[in-house]
Amino acid sequence: MHFLKLSMNFILIFIFIAPNARAIYKYSPYLQLELLILYASLVISFFLVYQSQVFKSYFKNYIANYWYIAIILIVVSLIIWFGYPIADGLKLQMRGSDQDDCVILGASRLLELKHPYLETSYFGAPCSPGTGMLLLYAPFVLLNVYPFGAIVGAILTILVIRQFTSSVYLASIFTSLLFGSLFQLEMLVVGSDLFLIGCGLTIACLKISEATSARDFKAMIWLGILVGLLSSTRVNFLVLIPVMSVYVYLHFKSAALVFFAISFSVATIPSAFIYLYNPAVFTPLHLLSKGSFIMAGGLEEIGVVFSIVAFIAGAFFVNKSIKNIPSAVLLSILPMLLVLSFGDLLKRNGDFGVWEGANYLLPILPLLLTILITRTGKPT
């Protein structure tokens, strides 16, 4: 059992490290493999060391406090403050990333009560973010602080982890690893909306576990709204609704039905209204054909089979303990995202520098990291 747990921890750590290969190979002209090995060694060493009593005795007073977390958040906010305008300015040269472009355009049009998908990104690409993402980011777009939506999401996630683990120390470790990821810093600077999905997913899983355990019916209502919004951020995340509803149903049947009805309504009604208004320009659906292309050659079938097996295994674990809901949700959505991500890498002949499929892993990294620190660390 100990060997199995250790093996699972290293698999999760590998998934956490893997997307950083893109950042290293993309921005470093020399010693790319060596830098990747060095980075991986540092991350693995940190995972091993932070649990030790020796490390805690020397650094606990410095790390296990809110000032430490605040300093990291301030530094990252400054990086975004100076880095985002530079990254965003590359669009004038038809370079850079257009990940933020569609969210800002779509949310702006939605706030003007206009169709959010009539325009494409500056690359001419169809927009992928669903209605849920436009609604989540609408306040930040309205206030013209779009890139800091991710920081607000991170702060809320850190506070929930602090409350869930009853440990400032583990919340600080989470913050250190979250923003110590080169890949995630890159995504923050280019304004990727996928980071906010990851934060929302983490919050939802932890609070659903708590609400189910406490049989808190009222909490399940706002969690249904949150999951509905998250599920409609991308078309492939609609699977979150049945997965989470089934896991809740195993322990809290009456709330599960209400949770499903609310989350399904929030996810589908606004999107259906926009779709029916003009089906031809509802561009979030293009992800279905894009996914099929990436997973051609049998990969899609492999992803479906492993997803079903993972969902059933997740139900088994949740049935044993409500506390396993976060791990079960991660297990259920991980196979398809891994197949998408590494399928894209195969399409690019293993070139890490242009591995855009690494982005598919971003929405699960905060949850994966949360599970890792709660599995390997002890509240202090």
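Which residue forms a salt bridge with Arg 109? Glu 119 does, and the closest N and O atoms are 2.6 Å apart. A salt bridge here is a side-chain nitrogen of Lys or Arg within 4 Å of a carboxyl oxygen of Asp or Glu.

Before I go on, the ground rules. This is a predicted model, in which local features need pLDDT of at least 70 and side-chain atom pairs count only at pLDDT 80 or more, while totals for chains, interfaces and linings use all residues. Residues are numbered from 1 along each chain as its sequence is written, and side-chain values use heavy atoms, with hydrogens and water left out.

Back to Arg 109 and Glu 119. Arg 109 sits in helix α6, residues 101–111. Glu 119 sits in the loop between α6 and α7, the latter being 131–142. The two are 10 residues apart. Helices are DSSP runs of H or I, at least four residues, and strands are runs of E, at least two, numbered from the N terminus. Now burial. Buried means under 20% relative accessible area, exposed means over 50%, and partly exposed is in between, with a 1.4 Å probe and protein chains only. Arg 109 has 22% relative accessibility, so Arg 109 counts as partly exposed. Glu 119 has a relative accessible area of 34%, so Glu 119 is partly exposed too.

Next, the other salt bridges. Side chains of opposite charge can pair when their charged atoms come close. The count in this model comes to nine salt bridges. One of them joins Arg 22 to Glu 186, with the closest N and O atoms 3.3 Å apart. Arg 22 is in helix α2, residues 20–27. Glu 186 is in helix α10, residues 182–190. That pair spans 164 residues. Both partners are buried. They also belong to a network of salt bridges that links Arg 22, Lys 26, Glu 186 and Glu 356.

Another pair is Asp 193 with Arg 234, closest N and O atoms 2.9 Å apart. Asp 193 is in the loop between α10 and α11, where α11 is 194–214. Arg 234 is in the loop between α12 and α13. They are 41 residues apart. Asp 193 has a relative accessible area of 0%, so Asp 193 is buried. Arg 234 is at 11%, so Arg 234 is buried as well.

Now α10 itself. How many of its nine residues are buried? Seven are, and the helix is mostly covered. The buried ones are Phe 183, Gln 184, Glu 186, Met 187, Leu 188, Val 189 and Val 190. After α10 comes Gly 191, with a positive phi near 80°.

On to packing. Two packed helices are described by the angle between their axes and the distance between the axes. Axes are lines fitted to C-alpha atoms, for helices over the stretch in contact, and angles run from 0 to 180 degrees between N-to-C directions. Helix α5, residues 66–89, packs on α10 at about 55°, axes 7 Å apart. So α5 is oblique to α10. On the cut-offs, under 35 degrees is roughly parallel, over 145 roughly antiparallel, 65 to 115 roughly perpendicular, and the rest oblique.

Who touches whom? Contact means heavy atoms within 4.5 Å. From α5 come Val 76, Ile 79, Ile 80, Gly 83, Tyr 84 and Ala 87. From α10 come Leu 185, Leu 188, Val 189 and Val 190. By class, that contact has nine nonpolar residues, one polar and no charged. Nonpolar covers Ala, Val, Leu, Ile, Met, Phe, Trp, Tyr, Cys and Pro; charged covers Asp, Glu, Lys and Arg; the others, Gly among them, are polar.

Two of those α5 residues turn up again. Pro 147 touches Ile 80 and Tyr 84, not counting residues up to four places away in sequence. Pro 147 lies in the loop between α7 and α8, the latter being 149–165. Its relative accessible area is 12%, so Pro 147 is buried.

Last, the pair α12 and α13. Helix α12 is residues 217–231, and helix α13 is residues 240–249. They pack at about 150°, axes 9 Å apart. They are therefore roughly antiparallel. Met 220, Val 227 and Ser 231 of α12 meet Leu 240, Ile 241, Met 244 and Val 248 of α13. That contact has six nonpolar residues, one polar and no charged.

Also in α13 is Ser 245. Ser 245 is buried, at 7% relative accessible area. Its contacts are Ala 256, Phe 259 and Phe 260, leaving out residues up to four places away in sequence.
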